[in-house]
Amino acid sequence: MSALTLDFVPLWTIICGIAVFLYVLLDGFDLGVGILHGFAKGREARNLVMNSIAPIWDGNETWLILGALGLLAGFPLAFAIIIPAVYFPILVMLLALVFRGTAFEFRYRDAEHRTFWDHAFCYGSAVATFAQGVVLGSFIQGFKTDGQHFTGGSFDCFTPFSIFTGIALLFGYGLLGAGWLILKVEGELQDWARRLGKICFLCVGAAVFAVSIWTPLADPGIAARWFNWPNPLFLAPVPIVSAAIAWWEWKALSGRAELAPFAAAILLFAMSYLGVGISLFPMVVPHALTLWQAASSPSTQAFLAVGTLFLLPIILMYTGWSYWVFRGKVRADIGYH
Amino acid sequence: MMTLDPVLLSRLQFFWVIAWHILLPAFTVGLASFIAVLEGLHFVTRREVYLRLSGFWTRIFAISFGMGVVSGIVMPFQLGTNWSRFSAATADVTSPLLAYEGLMAFFLEAAFLGVLLFGRKLVPAWAHLIAAVMVGVGTLFSSFWILSTNSWMQTPAGYRLENGRFEPVNWIDIIFNPSFPYRLFHTVTGFYVTTAFVVVGVAAYYLRRGRFIEEARTMFSMTLWLLTVLVPLQIFLGDAHGLNTREYQPAKLAAIEARWETGSRVPLTLFAIPDQEAQTNHYAIEVPVLGSLILTHDPNGTVRGLKEFPKEDLPPVIIPFFSFRVMVGLGFIMLAVVALSWLLRAQHRLFAARWYLALCQHVAPIGFLAVIAGWITTEVGRQPWTVYGLLRTSDSVTPSLTGTDVLISLLGYILVYLIMYPTGVLMMARIVARGPASAADGAEPIESGRPQLPVRALPRTSDKEASA
């Protein structure tokens, strides 16, 4: 029984945090590659772009299930408020992901309809990304709730801010995707990825900057978190480090570095994630519920923690290893036919 | 008014997405075990035919498993988007079971599926066999957790109610709730039978055309032997499951039998049009006493009738009544197909009787129909509850949803699934048309819906890079 008296909320916060971040990162870059795919010229370039994510994209998507189930298991009340509040973005995201996954498979088998499935893959990726950005934006803004249920309407989540974050995420994932492509391809195609990467970087950089101004202006709680003395003393490194990473990203995209653009993009996402976390902690439903209020029972958290702490590291190690063996440039001659 | 009821539309939506999803595990759970058996037979006997068959079915497995994952992503979100009150009320009990399913499925996918799909030439034969077995075991683990969750909703146990939420008291009681063992064995056997009839159907298709004779005869014969065991076993398990339902969900059993009055020596109603309003049956065709005999194993046994329960606690009788009869009817058709195989074997005409091969080819999808019918029986029979007797379906739905919201989402799911599923089936049909011989030559890629695992990156398999 002693296990039941432990507070598992921090552990589950970390587990869910990792799962969601890994999803954003991993599916983020392959959704980004999917978006950029729509701009690739010529069949060979398109095939190379596709092949760069062929081995890993659907493994990446599995983190979405773990993220959703982690939220349900760790913080059921948050799950029961957030998911209904973003009913349509979630619907659109799921349909786009299903459609995109199907397009990925069929693109190679249905030669007559190659163009159709190519488009389906690109648009599916973009629509799923936009929907996730809307989820993010409306999450930051918070939802109408009575503390137990979502009490607003299913279209409330579409606000100027959430549309803005939706568009911003297109460029964010585009930047991740460009970073991945720079790592995986060579020559002209790599130059092309650098050019698109720069565009995405400028747009997402401006968007992150705008959000960083917008949210404290719109939300006194977030403003207090960042600007009430002595918080700026502790939190100042966040914008400073972010700016340094942004500078590094620009240099990397402009130069010949192959790993740095992707690495810097990951760090930029990590810093943004951290920034959102700092703004909202300890709320899991902004303005409504803390992590502790939304948590499942200690018995539930303990029972699931046992298996998760055993299985999750193995999954992480294996995922890491599979990326390791797939390192190196993707070639045109091997691949789908 | 009815058409824009968010509860009804949410139920239709759940039916739509899970009915399509369930077809894939119904196929892949059995297929994974079949592949493991083929690999085992090849390991022991070294006969090439088993290898060709294993390669052939692994290609089909990869596509159906991939479709299963894609359609599976939709499922946990349904609990949030449309059934948020169910989620909030039951998550403390059910969510770990669902999460364990996710973790284990992910683990299995990461660790063993890649070796099975792409590792034949890269790992020792025994390691490949272990990978095949582990994939099979993994699909069974998935079934275990999902069916445990479903069974808990049917026969909740090991919980206490606190502020309208279910709190866990005893995890063993929760996982091994009263209907779980019966549901697990009945469902998994149903999945095996489903796969077996597909295998028999494909084999019959080849035999009728005189193609891939050795492979076709091998799988035709071995699978019919398997069905010889499984179909009678399934009828026995179904009967045991029925006794369990009589004990724990008497209103469901009464609905399945359209039995309105409690009584002993009750007849078996073969056909009727149940009338929910008038609480009676029209045009009933009945066999005296047989109802008590089947349902209680005693001609004088008492069967509780629907009138014993409040009207608002009754499921829509007509649906489980007919879906159950469809399931049982299909079960007896299966039994007939199996029995005919014994006769033909005795006459040494198993591969020669053309009418029988045609029959086998055309009953290939029979298991899917039976699974769907059985699933409708048990889920609609559970109504009007999501947690039986404790939480009403109408109290489970997301309160913020309007009928229009759900109508839009339902139409979206219908559209996308109607594109995805036929195309997927077409792809599998093409593999069948190409046949098992091409699977063995190694030049063709495994057509996978799964992540390509590390082994594929190695030079030996570069020519197989193609799939995913």
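pLDDT is the predictor's confidence in each residue, from 0 to 100, and two residues are in contact if their C-beta atoms, placed from the backbone, lie within 7 Å. This is a predicted model, where local features need pLDDT of at least 70, side-chain atom pairs count only at pLDDT 80 or more, and totals for chains, interfaces and linings use all residues. Residues are numbered from 1 along each chain as its sequence is written, while chains are lettered from A and ligands numbered from 1 in the order in which they are written.

**Confidence in chain A**
- Residues 333-337 of chain A stay under 50 in pLDDT, and the model has 13 contacts for them beyond four places in sequence.
- Chain A has a mean pLDDT of 86, with 93% of its residues at 70 or more.
- Within chain A, helix α1 (residues 2-5) has the lowest confidence, a mean of 52, and helix α8 (residues 160-184) the highest, at 93. Helices (H or I, at least four residues) and strands (E, at least two) are DSSP runs, numbered from the N terminus.

**Helix pair in chain A**
- The axes of α9(A) (residues 187-218) and α12(A) (residues 237-254) come within 10 Å and cross at roughly 160 degrees. Axes are lines fitted to C-alpha atoms, for helices over the stretch in contact, with angles from 0 to 180 degrees between N-to-C directions.
- On the α9(A) side, A:Arg194, A:Gly197, A:Lys198, A:Phe201 and A:Gly205 make the contact, meeting A:Ala246, A:Glu249, A:Trp250 and A:Leu253 of α12(A).

**Helix pair in chain B**
- α1(B) (residues 6-45) and α4(B) (residues 125-154) have axes that come within 9 Å and cross at roughly 155 degrees.
- Contact residues include B:Ala32 and B:Phe43 of α1(B), and B:Leu129 and B:Gly136 of α4(B).

**Hairpins in chain B**
- β1(B) (residues 159-162) and β2(B) (residues 165-168) run antiparallel, joined by four bridges. Strands pair if DSSP finds at least two bridges between them.
- B:Arg160 sits opposite B:Glu167 in β2(B).
- Two residues lie between β1(B) and β2(B) in their hairpin, where B:Asn163 has a positive phi near 50 degrees.
- β4(B) (residues 268-275) pairs with β5(B) (residues 280-287) in the antiparallel sense over six bridges.
- B:Phe271 has B:Ile285 as its bridge partner in β5(B).
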